[in-house]
Amino acid sequence: MPEPKTFTETFRVFDFECDINRKLLPGGALRITQQISTDHCDCLGLTADFYRANHAVFLLAKLACEFTRVPLIGETLTLVTLPETAKRAVYKRVTRILDEEGREIGLVDSRWVLVDTDTHRILRRPPEAFAALPFDEEVPFALNMEIPKPESTEPAGTARADYTLCDTNRHLNNTHYADVACNALPLEELERRAVRRIALNYHSEVPAGESFELERGRLDENTWYVAGQRGGKRCFEAKLTLE
């Protein structure tokens, strides 16, 4: 029997993943999305031991997360994740977010690359063990991931890959870049409006304990640009749209 090409799980929106207005934080949405993606891969046999044996791992290159309605504390969400086979070395994975009535209220579109853990190079031709993955040929959902630069930016403080923000790779976890980007915005704006949409481009990993500088700039009345830089090199760029 062929493995399922989609995977479904339910998650409760916990208090600790919400903002001061009881709405789900972008980082919280990305963490449950990351969890269902990991659970799906585990079910397919793509475990930590599998990656080690094949000297390859998936790294996140960019993503976008968009809500038509930002979920509230206590809601139960159903997530459906759909992975796509590689196109020019890029693997697409889309996760639909449904409310308790089964209505789609959010979408996360992520793009991954397979990297050789010995050479740290992108694998244009995946190892044989990855070639037969039961991923779909085409996933019809997609989000715009463009992040334009504003005319000007201003310093927005510093951040660090602290112990509680890092994962087993000893780098700042992908989902915490969303937290860093939110924290770079003026508090008075976030006190009255939630982040409805975020796009993130990951340029270079931040190792545990390392600090990086932040800058921000307005793109329009509702949209902000945030970027991080370490040692003169971009770490990430983000585009955040408020309700």
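Trainee: Is F141 buried, partly exposed or exposed, and what is its relative accessible area?

Mentor: Please keep in mind that this is a predicted model. F141 has a relative accessible area of 26%. Buried means under 20% and exposed over 50%, so F141 counts as partly exposed.

Trainee: Where does F141 lie, and which residues does F141 touch?

Mentor: F141 is placed in the loop between α3 (128–131) and β6 (154–160). Leaving aside residues up to four places away in sequence, F141 touches L82, K92, V94, R96, E104, L107 and D109. For K92, the separation from F141 is 49 residues in sequence, and the C-alpha atoms are 10.0 Å apart in space.

Trainee: How should I read aromatic rings, and how many aromatic pairs are there?

Mentor: Two values are read for each pair: the distance between ring centres and the angle between ring planes. The count here comes to ten aromatic pairs. In one of them, F50 and Y51, the centres are 6.0 Å apart and the planes stand at 75°, so the pair is edge-to-face. Both F50 and Y51 are buried. For F58 and Y91 the centres are 5.0 Å apart and the planes are at 80°, so this pair is edge-to-face. F58 belongs to strand β2 (residues 56–67) and Y91 to strand β4 (residues 90–98), so the pair ties together parts that are 33 residues apart in sequence. Both F58 and Y91 are buried.

Trainee: Which residues form one aromatic cluster?

Mentor: One cluster is formed by F50, Y51, F58, Y91 and F130.

Trainee: How are charged side chains read, and how many salt bridges does the structure hold?

Mentor: Side chains of opposite charge can pair when their charged atoms come close. The structure holds 20 salt bridges. One of them joins E243 to K23, with the closest N and O atoms 2.9 Å apart. This pair links distant parts of the chain: E243 is in the segment after β10 (233–242), K23 is in the loop between β1 (7–12) and α1 (26–43), and 220 residues separate them. E243 is partly exposed at 35% relative accessibility, and K23 is partly exposed at 23%.

Trainee: How far apart in helix α2 are R52 and D49?

Mentor: R52 and D49 are three residues apart in helix α2 (residues 48–54), and are therefore separated by about one helical turn. Their side chains meet in a salt bridge of 2.2 Å, N to O. R52 is exposed at 56% relative accessibility, and D49 is exposed at 53%.

Trainee: Are E189 and R218 buried, partly exposed or exposed?

Mentor: E189 counts as buried at 7% relative accessibility, whereas R218 counts as partly exposed at 40%. Salt bridges with shared partners also join K149, E215, R234 and E237 into one network.

Trainee: What is the phi of A89, and what is the phi of H120?

Mentor: Most residues other than glycine have a negative phi. Phi of A89 is near 75°, a positive value, and phi of H120 is near 65°, also positive. A89 is in the loop between β3 (76–83) and β4 and is buried at 8% relative accessibility. H120 is in the loop between β5 and α3 and is exposed, with a relative accessible area of 64%.

Technical notes:
Residues are numbered from 1 along each chain as its sequence is written. This is a predicted model: local features need pLDDT of at least 70, side-chain atom pairs count only at pLDDT 80 or more; totals for chains, interfaces and linings use all residues. Side-chain values use heavy atoms; hydrogens and water are left out. Rings of Phe, Tyr and Trp (its six-membered ring) pair if their centres lie within 6.5 Å; planes under 30 degrees apart count as stacked, over 60 as edge-to-face and the rest as tilted. Buried means under 20% relative accessible area, exposed over 50%, partly exposed in between (1.4 Å probe, protein chains only). Helices (H or I, at least four residues) and strands (E, at least two) are DSSP runs, numbered from the N terminus. Contact means heavy atoms within 4.5 Å. A salt bridge is a side-chain nitrogen of Lys or Arg within 4 Å of a carboxyl oxygen of Asp or Glu.
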